[in-house]
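Here is a short report for a reader new to this structure. Please look over the sequence and the model before reading on.

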Amino acid sequence: MGTLASQKNIYYYLKKSSFFSELKRKFVFGTYYTSNSSYYKAVLSQYANFSSYLAIFTDALKLKTMHTNVEIQQGILGKSAKSVISRHGKPDFIFTEKNLSIFVYKWKFNGLKTRCEVHLYNNQAFLVNYIYNQLDRRERQYIIESVTNKYLGECVNEIDLNNAKISDNNNNLLLIDDFLMGLKITYLCSAESDWYEAIIAEMNERKEKYEQHVKVSEMRFLDKI
C-alpha cells in the first residue's frame with residue numbers, strides 16, 4: 001500500500017521542496033525578497049521546551065466551560081502529519097524540535113489574512129492556532145461571531161469568550177485570545193490524549209538530565225579547586 005513513508009521522510013522532502021521554492025523567489029525578486037524562515041523560527045522556538053503548552057492548558061482550566069456538540073477541528077486534532085498534509089496541503093514552513101513539529105500555513109479567507117499553526121507531537125496533531133493580525137473592530141467581531149455561531153449557535157450574545165472556553169464531546173477545547181491588534185484562536189486536544197502525558201514525561205526527563213549535568217559539573221569544579 002502506498003504511503004508517504006516515515007515522518008522523517010515527509011519533513012525531509014517538504015523542507016527540500018521549500019528550499020528550492022525560496023531559492024526561486026530570491027532569484028526572481030533579488031534583494032527585495034526576504035525569507036520568513038528566521039521570523040517563524042524565532043516565533044515558534046517558544047514551544048521547544050513544552051512549558052508553553054502546559055501554560056495554555058493550565059490557563060484553560062481556569063475558564064468557564066461552554067459545551068458544543070460540534071466536533072472541534074474535525075479531521076485535524078489527533079490526526080497524523082500525513083492526514084494534515086492531505087487536508088491542508090504542503091505547509092509554507094516546518095519547525096522541528098526532536099518529537100515536536102509545527103506546520104505553518106498562510107491563508108486568506110474573506111479578505112482576512114491568517115497564519116495557521118498545526119502542532120504535532122510524535123506525529124500527532126494536538127494543537128492548532130489561527131492567528132489574525134491587524135484587525136479592525138468590524139473584522140474582529142466578524143471572526144468571533146463566526147466562531148460562536150458555528151459552535152454555540154443561538155448563544156452568541158450571551159458569551160464572553162475572553163473568559164470562557166468551548167469544549168466538545170471529546171473534551172477538545174477552543175480558546176480565544178483577544179490581543180491588542182488581533183485575535184488568536186487556539187484548538188487544543190483533550191488532556192486524555194497522548195500528548196499531555198508524553199510532554200510532561202519528556203519535560204521531566206530533560207529536567208533530570210539538566211540536574212545531572214549540573215551535578216557532574218559541580219563535582220568536576222570541586223575536584224579541580
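N110 is exposed, with a relative accessible area of 66%. Exposed means over 50% relative accessible area, buried means under 20%, and partly exposed lies in between (1.4 Å probe, protein chains only). N110 lies in the loop between β3 and β4. Its phi is near 50°, a positive value in a residue other than glycine.

N171 is found in the loop between β6 and β7. Phi of N171 is near 65°, again positive in a residue other than glycine. N171 counts as partly exposed, at 41% relative accessibility.

## About the model

This is a predicted model, in which local features need pLDDT of at least 70, side-chain atom pairs count only at pLDDT 80 or more, and totals for chains, interfaces and linings use all residues. Residues are numbered from 1 along each chain as its sequence is written, and side-chain values use heavy atoms, with hydrogens and water left out.

Helices (H or I, at least four residues) and strands (E, at least two) are DSSP runs, numbered from the N terminus.

## The sheet

An open sheet has eight strands in the order β1-β6-β7-β8-β5-β4-β3-β2, with mixed pairing. Two strands pair if DSSP finds at least two bridges between them. The edge strands, β1 (64–67) and β2 (93–97), each pair on one side only. Neighbouring strands of this sheet are turned by 20° against each other on average, direction ignored. Axes here are lines fitted to C-alpha atoms, for helices over the stretch in contact, and angles run from 0 to 180 degrees between N-to-C directions.

Strand β3 (residues 100–109) pairs with strand β4 (residues 112–121) in the antiparallel sense, over 10 bridges. In this pairing, K108 stands opposite K113 in β4. Two helices pack on the sheet. Helix α2 (residues 37–44) touches β2, β3 and β4, and its direction makes about 40° with that of β2. Helix α5 touches β1, β4, β5, β6 (164–167), β7 and β8 (182–188), and its direction makes about 25° with that of β8.

## Strand β8 and its partners

Six of the seven residues of β8 are buried, so β8 is largely enclosed by the rest of the structure. On one side, β5 and β8 pair in the antiparallel sense over six bridges. Y132 stands opposite L183 in β8.

β7 and β8 also pair in the antiparallel sense, over seven bridges. Here D177 stands opposite K184 in β8. A hairpin joins β7 to β8 through two residues.

## The nonpolar core

In soluble globular proteins, nonpolar side chains tend to be buried together. A nonpolar core is a set of buried Ala, Val, Leu, Ile, Met, Phe, Trp, Tyr and Cys residues joined through side-chain atoms within 4.5 Å. The largest one in this model has 51 residues, and those with the most contacts inside it are F103, V118, L174, I185 and Y187. Strand β5 (residues 124–132) gives the most to this core, with six residues.

What is Y187 in contact with, leaving aside its neighbours within four places in sequence? Its partners include I72, Q73, L77, F126, Y151 and L174. Contact means heavy atoms within 4.5 Å.

## Helix α4

Which residues of helix α4 (residues 81–88) are buried? They are A81, V84 and I85. These residues cover an arc of only 95° around the axis, which puts them on the same side of α4. The arc is that of the directions from the helix axis to the C-beta atoms.

The face turned away from the buried side of α4 carries the exposed residues S86 and R87. Just after α4, G89 takes a positive phi of about 90°.

## Salt bridges

A search of the whole structure finds three salt bridges. A salt bridge is a side-chain nitrogen of Lys or Arg within 4 Å of a carboxyl oxygen of Asp or Glu. One joins the side chains of D59 and K62 (3.7 Å, N to O). D59 is partly exposed, at 43% relative accessible area, and K62 is exposed, at 66%. Another joins E117 and R115 (3.0 Å, N to O). Both E117 and R115 are buried.

D178 and R140 also meet in a salt bridge (2.3 Å, N to O). D178 lies in strand β7 (residues 173–179) and R140 in helix α5 (residues 137–152), so the pair ties together parts that are 38 residues apart in sequence. D178 counts as partly exposed, at 30% relative accessibility. R140 is buried, with a relative accessible area of 16%.
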